[in-house]
Amino acid sequence: MISPAFASILASGRAQFNARAVEARRRFASLDMAAFGAFLHDGVDPLVQAVAAAAPERVGGVTLAAYDMALELVGHGLAGPAAKNPFLNTVWRELAPQFAPLLATAPVDVLGMLSNAAIHLGSVAGARPAQWQAGMAAVAPQVGSVVQLRAVGQVLAWRAGVAHFRLGALAAADTLPPALALAAFDEPGAQWPQVHAQLMANPWRGNADGREFGSFSGLGGAFGTPPQVRATNDGFVVRSAERHYLLVADAYGAVLHSATAQEYEQANTGMPPSVRLDGATVHVGARSIALDLPAGDIAIAANAHTLAITSPWTHAIRLLPLA
């Protein structure tokens, strides 16, 4: 059963809500009204209750906005019991209510931003939606505007594995109050200018071990054949089975985008003087890293911050920080 607060609003505006549902069924031929009813219970009711407690004078407008958006999301198959992206249901049920004061003043903007973020995070292989949700919940009491919500959402999406957000997220973090920016990076008590400078200078700040990316596509991975890699300023252009990709990676994650054969041919094959391969050991400055790969066919590529290691014996790319 839905809460008394939500039931009362639906009853008092029954004709208006029913008309909206009828119109939605015209727009979305596959709209499942049972699924919509389930989403009203599981996704909309919790945020209606939260707004009713925080700003009861605004709960009617919030409910109307949420009802309309719920119709559209369920109509597109994005929300409800059979949703393409179940994380969206979780965001409405668990995260949106924690922004009740902001929902009360800008329900369309807040629900739109949270929904778009949930959909995007669900579509990025390797992203960690649960981490993003936990980070957003932690900073919710400090978020005072839609602008701040959007900025902190971008920062936390980057930290949750959306590596290509890095520069945009750092620019967004600069627009936040320093305390909120530091909270988004889980570094309370630090000085934001220093943290920002370190993040700009070193994409691998906080992760000295690097990461491994990729596996055989036949087992659900990214690459049909062992990848070959060349460096660019933004990441690495990868060739595998006549397909080409741009790999962007940093301390928080790695993301694969499409690229072209021309981009691969134009990418850098040089190597900084600080990097040297000796058999199955790679030397980076004063560090020596023994590789679990057969010596002789190992290939390396590097940009200003990252070393990529490949071999015809693996579908994975080993990424190591140069700093």
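**Salt bridges and nonpolar cores**

In this predicted model, Asp68 has a relative accessible area of 30% and is partly exposed. The value lies between the limits of 20% and 50%, and therefore Asp68, at 30%, counts neither as buried nor as exposed. Arg20 is likewise placed in the partly exposed class, with a relative accessibility of 27%. Asp68 and Arg20 form a salt bridge in which the closest N and O atoms are 2.7 Å apart. This pair connects distant parts of the chain, with Arg20 in helix H2 (residues 14-27) and Asp68 in helix H4, a separation of 48 residues.

Six salt bridges are present in the structure. One of them joins Arg205 to Glu187, again with 2.7 Å between the closest N and O atoms. Both partners of this pair are found in loops: Glu187 in the loop between helix H11 (178-184) and helix H12 (192-201), and Arg205 in the loop between H12 and strand S1 (211-213). The two residues are 18 residues apart, and the pair links distant parts of the chain. Glu187 has a relative accessible area of 21% and is partly exposed; because the limit for buried residues is under 20%, Glu187 at 21% is not counted as buried.

A further salt bridge is formed by the side chains of Arg239 and Glu265, with an N to O distance of 3.9 Å. Arg239 belongs to strand S3 (residues 236-240) and Glu265 to helix H13 (residues 261-266), so that this pair, 26 residues apart, also links distant parts of the chain. For Arg239 the relative accessible area is 26%, which is partly exposed. Arg239 and Glu265 are also members of a salt-bridge network that includes Arg230.

The nonpolar residues were examined next. The largest nonpolar core comprises 83 residues, and Trp92, Leu114 and Trp132 have the most contacts inside it. Helix H4 (residues 59-75) supplies the largest share of this core, with 10 residues. When neighbours within four places in sequence are set aside, the contacts of Leu114 are Val91, Leu95, Ala96, Phe99, Trp132, Met136 and Leu149. Trp132, one of these partners, is itself among the residues with the most contacts inside the core.

Conventions. Residues are numbered from 1 along each chain as its sequence is written. This is a predicted model: local features need pLDDT of at least 70, side-chain atom pairs count only at pLDDT 80 or more; totals for chains, interfaces and linings use all residues. Side-chain values use heavy atoms; hydrogens and water are left out. A nonpolar core is a set of buried Ala, Val, Leu, Ile, Met, Phe, Trp, Tyr and Cys residues joined through side-chain atoms within 4.5 Å. Buried means under 20% relative accessible area, exposed over 50%, partly exposed in between (1.4 Å probe, protein chains only). Helices (H or I, at least four residues) and strands (E, at least two) are DSSP runs, numbered from the N terminus. Contact means heavy atoms within 4.5 Å. A salt bridge is a side-chain nitrogen of Lys or Arg within 4 Å of a carboxyl oxygen of Asp or Glu.
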